Amino acid sequence: IFVSVYAGVRAYQALVEQTLQRIQLDEAEEDLRREQMLKAAIVEYSDDGIIGKTLEGAITSWNRAAERILGYTAGDILGKPISVLVPGDRLDEEQKLVASIMAGCAVNHYETERLARDGRRSPVSLTVSPILDPDGRVIGASQIVRDITERRKVEAELEKYRHDLEHL
């Protein structure tokens, strides 16, 4: 009888332990889901465009600010080559950015232009960073796209005022 009771108690303890482990695992999974949702919300609601792309240049992610800045919806642009956003006279810049990313280097606050859906050239500041796999290999890039249209207008006005003051 003692052996049977002892075996039953051990089985019960094992069941309780498994249940506690499952509860902890469920809580950890829920924490991870919340963290992922928070990160996704941060990207989606950023004032800056956030674009993901493969090393081959295929666009893999596109947030609302990218849509506002460049006019393409995610449905329009996902899977398309990043080159559709690059003016023809600036394709060499894109190649240099890719070379920097392949070397594992980020590019910060690079001022250039990108083509909006309506064909206009939009002045932007790009911050491009490599995306690494768990082994540290570059597998893609993320681009932060900041619209600098208003800043450029203010700079042009200031330059005009300076010029006018010099000629008084």
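Me: Is His-109 buried, partly exposed or exposed?

Reply: In this predicted model, His-109 lies in strand E3, which covers residues 107-115. The backbone at His-109 has a positive phi of about 55°, although the residue is not a glycine. Exposed means over 50% relative accessible area, and because His-109 reaches 54% relative accessibility, the class for this residue is exposed.

Me: Which residue in the turn of the hairpin formed by E1 and E2 has a positive phi?

Reply: Strand E2 covers residues 59-62 and runs antiparallel to E1, to which three bridges join it. Within this pairing, Gly-52 stands opposite Ser-61 in E2. Four residues lie between the two strands of the hairpin, and the one in the turn with a positive phi, of about 100°, is Gly-57.

Me: Which residues have the most contacts inside the largest nonpolar core?

Reply: In soluble globular proteins, nonpolar side chains tend to be buried together. The largest nonpolar core of this model has 19 residues, and E2, helix H2 (64-70), helix H4 (91-102), E4 and E5 each supply at least two residues of this core. Trp-62 touches, among others beyond four places in sequence, Ile-50, Ile-51, Leu-70, Ile-77, Leu-78 and Leu-85. The residues with the most contacts inside the core are Ile-51, Ile-59, Trp-62, Leu-85 and Val-128.

Me: What is the relative accessible area of Ser-122?

Reply: Ser-122 has its place in strand E4, residues 121-132. Leaving aside neighbours within four places in sequence, Ser-122 is in contact with Ile-69, Leu-70, Thr-112, Glu-113, Arg-114, Asp-147 and Thr-149. Buried means under 20% relative accessible area, and Ser-122 is therefore placed in the buried class, its value being 1%.

Me: Which residues make the nonpolar surface patch of about 380 Å²?

Reply: One member of the patch, Ile-23, has its place in helix H1, which covers residues 2-44. Ile-23 is partly exposed, with a relative accessible area of 40%. The residues that make the patch are Tyr-12, Val-16, Leu-20 and Ile-23.

Me: What distance separates the C-alpha atoms of Leu-32 and Gly-75?

Reply: Leu-32 lies in helix H1 and is partly exposed, with a relative accessible area of 46%. Gly-75 is 43 residues from Leu-32 along the chain, and the distance between the two C-alpha atoms is 27 Å.

Me: Which residue meets Asp-26 in a salt bridge?

Reply: Side chains of opposite charge can pair when their charged atoms come close. The side chains meet at 2.9 Å, N to O, and the partner of Asp-26 is Arg-22.

Me: How many residues apart in sequence are the parts that the pair of Arg-151 and Glu-111 ties together?

Reply: The side chains of Arg-151 and Glu-111 meet in a salt bridge of 2.2 Å, N to O. Arg-151 lies in helix H5 (residues 149-166) and Glu-111 in strand E3, so the parts that this pair ties together are 40 residues apart.

Me: How far apart are the closest N and O atoms of Arg-162 and Glu-159?

Reply: Arg-162 and Glu-159 both lie in helix H5, three residues apart, about one turn of the helix. Arg-162 is partly exposed at 46% relative accessible area, and Glu-159 counts as partly exposed at 47%. In the salt bridge that they form, the closest N and O atoms are 3.5 Å apart.

Me: Which residues are linked in a network of salt bridges?

Reply: A search of the whole structure finds 23 salt bridges. The residues linked in a network of such bridges are Asp-89, Arg-90, Glu-93, Glu-113 and Arg-121.

Note on methods. Residues are numbered from 1 along each chain as its sequence is written. This is a predicted model: local features need pLDDT of at least 70, side-chain atom pairs count only at pLDDT 80 or more; totals for chains, interfaces and linings use all residues. Side-chain values use heavy atoms; hydrogens and water are left out. Two strands pair if DSSP finds at least two bridges between them. Buried means under 20% relative accessible area, exposed over 50%, partly exposed in between (1.4 Å probe, protein chains only). Contact means heavy atoms within 4.5 Å. Patches are made of residues with over 30% relative accessible area and no salt bridge: like charges are joined within 9 Å, nonpolar side chains (Val, Leu, Ile, Met, Phe, Trp, Tyr) within 5 Å. Accessible areas come from the Shrake-Rupley method with a 1.4 Å probe; for residues, only the protein chains shown count as cover. A salt bridge is a side-chain nitrogen of Lys or Arg within 4 Å of a carboxyl oxygen of Asp or Glu. A nonpolar core is a set of buried Ala, Val, Leu, Ile, Met, Phe, Trp, Tyr and Cys residues joined through side-chain atoms within 4.5 Å.
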